[in-house]
Every structure is written in structure tokens, then in C-alpha cells.
Amino acid sequence: MLADLTAGAVEDAERRALSRPLADVERDALARPAARDALAALAPADRVKIIAEVKRASPSRGALAEIPDPALQASLYEQGGASAISVLTEERRFGGSLADLEAVTSRVDLPVLRKDFLATPYQVFEARAAGADLALLIVAGLDRTVLDELYALVRELGMTPLIETHTAEELDVALELGAELIGINARNLKTLELDRDLFGRLSERIPDTAIRVAESAVLAPDDVRHYREAGADVVLIGEALVTGDPVATLNAFLQAGDMPVRQGRG
């Protein structure tokens, strides 16, 4: 599944490059104002922080919400207390687009993540050109040489890389990179299986120098509480926010995570 998603995302980027060459995208990326400081926005605090996601569909759940106005959705997230916004730009299985990303970055004042299956420099330059402040890099989907190259490019463009992991070995790679924002995804992107307790088993390996992000398996306030008690600084939430009242749902999730992380962090 992950290999197919990555290959499709790269193919779509190559198609876009036919009408918008790399030189043009690079020029537009370098002309953008400085990226917002995502590390400051997501820094550990006495309550959990939330990255709220604009997400129309997923391979595991199918169609979730139409979201005709992604910028409005993101503004509701900002109103509800989110610390950052994630925008899924993958077209084939998630129904997203770069237009969604551009709409959101032009509307909100929060840091914005381009969530996609990034595997080429072209896609990274696209992210910055569209106004993204963060870029997702999935360890399981990238050769180490490519990961190193993209990680360096994301930082060079002033963005913050969110390094996504799912195993102890992948987490070791993130730590070797010196990543400051590390996600642990409860969903295995190769099989789509969920393990909500994975975060708790792996997160203690992450030192205090990095921000811990719990991803997936969040449908109710208890899920946020579970992750917070396991040491999450940040929780990334998509499905639950697009299928209900985003402001009310965010408020409930933030209240559930309104506690210090468990003692013994780092």
C-alpha cells in the first residue's frame, strides 16, 4: 500500500512538472515569505497540542467528507484551538490537492503541514511554493539516501520536517537524522492495521530534544487522553474532525489532553 501510494504521488508530481518545470517551482518556493515556526507552535506544554487535518478520504475508510471549502475548514480548526493544520494533498486515495494547501495557507496564521507521500525534491519545492511550513517525510517509504536529501532540503527551505515512524528501527533513523519533530503512526501504512498502544511502546525512546507526535487511531477524547498519558506532546487528528463539528470536537479533545505528560518523559 505505501509503495503504491508513493509511486502514485511521484507520478502525479511528474505530470505536474510537464506544465510547471522544477525551475519555476523552485523560483516560487524561494520567493515565499519565511515559513512559520512550527517547532515553537508545537513545543511541549502543560496541555496537549493538536495538528488538525483537512482530509476528504483515506484508503482505510473511504470517503469521509466533501470539504468544499478547505480554507473555511482550517479556519474553524484555528478557531477551535488547533496549534497547526495538516492538509492532505494526495489526489488518488485521499482526494486532496495542492490547491487545498494554497487555500489553507492563505487563510490561517498557524503553521501548515503538507501531508503527502513526498519522495522527490520537486514535491518539497511544491510544498514551500504553496506556503507549507512543514513537510511530512515517511521513513518507511524512503531509501535512506533519499530521506537524507529531502530532510536537508526541507530544512534548507526553512520548513520543519515531520519525520513519521512506525517501528523501533524507523525511530532510530529519525534520531540519527537529528529530527526535532517525530511522529509515531499507529497505522501501519503497509498493511493499514492499527495499534493504538504502539506510541506508548516507542515514545520513551525519543529524547526531550524532540517533540513527540501521536498519529492515527483518534476518534474520541479518550484516545487523546491515552496518547497524552503515554507522553504525546502533540496529537494529529483527521477523521474525527471532518465528520463532526470541528470546533466542538477540538474543544473536547483539548480538554481530554489538558494534563502534564506522565512523569519520566525522556
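Q: P121: buried, exposed or partly exposed?
A: P121 is partly exposed, at 27% relative accessible area. Buried means under 20% and exposed over 50%, with partly exposed in between, using a 1.4 Å probe and protein chains only.

Q: Is this a predicted model or something else, and what are the ground rules?
A: This is a predicted model: local features need pLDDT of at least 70, side-chain atom pairs count only at pLDDT 80 or more, and totals for chains, interfaces and linings use all residues. Residues are numbered from 1 along each chain as its sequence is written, and side-chain values use heavy atoms, leaving out hydrogens and water.

Q: Back to P121. Which element is it in?
A: P121 sits in helix 6, residues 121–129. Helices are DSSP runs of H or I with at least four residues, strands are E runs of at least two, and both are numbered from the N terminus.

Q: And what does P121 touch, leaving aside neighbours within four places in sequence?
A: P121 is in contact with E149, L150 and L153. Contact means heavy atoms within 4.5 Å.

Q: Switching to S203. Where does it lie?
A: S203 is in the loop between helix 9 (198–202) and strand 9 (211–215).

Q: Buried or exposed?
A: S203 counts as buried, with 0% relative accessibility. Beyond residues up to four places away in sequence, S203 touches I184, R212 and A230.

Q: What about the largest nonpolar core? Which residues touch the most other members?
A: Y77, I85, L137, V235 and I237 do, in a core of 70 residues. A nonpolar core is a set of buried Ala, Val, Leu, Ile, Met, Phe, Trp, Tyr and Cys residues joined through side-chain atoms within 4.5 Å.

Q: Take V235. What does it touch?
A: Not counting residues up to four places away in sequence, V235 touches V48, K49, I50, I51, A214, V218, V224 and Y227. There is also a second, separate core of 21 residues, including L88, F94, L181 and V213.

Q: Whole protein now. How many helices and strands?
A: The protein has 12 helices and 10 strands. Its radius of gyration is 17 Å, close to the 18 Å that the globule rule gives for 266 residues, so the protein is as compact as a globular protein of that length. That radius is taken over C-alpha atoms, and the rule is 2.2 Å times the number of residues to the power 0.38.

Q: What share of the residues is buried?
A: Buried residues make up 56% of the 266.
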